[in-house]
Amino acid sequence: MTPRETSAASSDTSVRSSINVPPDLVVGLLGSADENLRALERLLTADIHVRGNALTLTGEPADVALAERAVSELIAVAAGGQTVTPEAVRHSVNMLTGTDEESPAEVLTLDILSRRGKTIRPKTLNQKRYVDAIDAHTIVFGIGPAGTGKTYLAMAKAVKALQSKQVSRIILTRPAVEAGERLGFLPGTLSEKIDPYLRPLYDALHDMMDAELIPKLMTAGVIEVAPLAYMRGRSLNDAFIILDEAQNTTAEQMKMFLTRLGFGSKIVVTGDVTQVDLPGGAKSGLRAAVDVLEGIDDIHFAELTSADVVRHRLVSEIVDAYARAEEPTSLNRSQRRTGPGRPRR
């Protein structure tokens with residue numbers, strides 16, 4: 001906890017609080033060219049004044065209290081050696097203004113995987129809950145819009161599980177929906193035709209492992225990246241299995257995939273139910289799984305929202321804009337669960 005003083009300001013209802021930031025953390029807290037300070041000023045109602053290593057917060061008691069908590073949490077993040085960014089500021093304030101009591105510093109400093117000085121961590125409370133659910137359950141569905149880290153965090157957990165010998169192999173799969181009947185007209189071998197659909201999985205893998213090690217592990221069968229159709233008829237034991245872009249599975253494909261689960265294995269299914277590319281208006285297997293499997297022990301549904309987007313700030317706003325436009329025909333899971341004609345479980 002940082003030293004602070006609180007006193008009444010000139011207004012009858014205003015208060016003033018002073019926080020002394022450890023001198024070696026001032027630059028990290030305020031950010032390059034004070035970008036973090038500007039983010040705090042945009043997000044918080046309290047007035048913030050900086051002089052040396054002292055931050056003075058002025059405003060209504062509740063606003064000052066929120067600002068105190070936000071600054072204290074960000075100081076804790078900086079003290080843990082993590083770079084504080086405007087995005088970290090935004091996510092911290094969002095967490096503090098929510099209904100949960102979790103500490104943003106605990107969320108933002110949870111290490112999942114480290115490689116060559118780069119550490120992968122959750123950036124939002126929902127992301128941390130998603131990661132915790134992967135530890136606690138055998139099957140986890142990560143459902144949310146683009147940019148929320150669904151696949152990337154699952155990949156990091158898979159690599160970590162392999163490194164710690166919790167599993168003996170990683171299996172990464174996606175449906176190659178867009179190929180359809182046109183696959184035969186594409187040039188190259190079957191592997192070359194399918195490769196573009198699997199490329200995002202390869203890219204994430206290269207972020208987390210040494211590039212020269214990946215081909216060796218794939219040759220040895222320790223890492224497998226394959227289309228969903230290749231899973232049929234198999235029993236996948238002692239493996240960490242990730243199904244990406246699951247919204248583009250049919251109900252039959254999803255059932256086939258989930259029943260591949262073997263002993264000592266863990267499955268993570270990721271997808272965005274608002275981006276279904278199935279032809280002919282076929283129902284998404286991901287949507288069907290939400291309806292059919294909810295309530296089964298050891299299966300967890302983790303929901304991420306636009307607030308969990310960790311790409312450019314505009315991505316979150318784009319997701320929200322499309323959600324508003326499609327609201328009448330695209331209800332979220334809780335709305336479907338309690339909507340007319342469907343009893344509560």
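Modeller: Helices (H or I, at least four residues) and strands (E, at least two) are DSSP runs, numbered from the N terminus. The model is a predicted one, in which local features need pLDDT of at least 70 and side-chain atom pairs count only at pLDDT 80 or more, while totals for chains, interfaces and linings use all residues. Residues are numbered from 1 along each chain as its sequence is written, and side-chain values use heavy atoms, with hydrogens and water left out.

A salt bridge is a side-chain nitrogen of Lys or Arg within 4 Å of a carboxyl oxygen of Asp or Glu. Side chains of opposite charge can pair when their charged atoms come close. Across the whole structure, a search finds 11 salt bridges.

One of them joins E87 to R90, with N and O 2.4 Å apart. These two residues are three apart in helix α4 (residues 86-96), which means that about one helical turn separates them. An α-helix has 3.6 residues a turn, so residues three or four places apart point the same way. For accessibility, buried means under 20% relative accessible area, exposed over 50%, and partly exposed in between (1.4 Å probe, protein chains only). E87 is partly exposed because its relative accessibility is 26%, whereas R90, at 14%, is buried.

A further salt bridge pairs K157 with D135, whose closest N and O atoms are 2.7 Å apart. This pair links distant parts of the chain, 22 residues apart: K157 belongs to helix α7 (residues 150-163) and D135 to helix α6 (residues 125-136). K157 has a relative accessible area of 13% and is therefore buried.

R234 and E224 also meet through their side chains in a salt bridge, at 2.8 Å from N to O. Because E224 lies in strand β9 and R234 in the loop between β9 (223-227) and β10 (239-243), the pair ties together parts that are 10 residues apart in sequence. R234 is partly exposed, with 23% relative accessibility.

Salt bridges can also be joined in a network, as they are for E102, K128 and D132.

E41 is found in helix α2 (residues 35-43) and, at 40% relative accessibility, is partly exposed. Between E41 and A67 the C-alpha to C-alpha distance is 9.5 Å, although 26 residues separate them in sequence.
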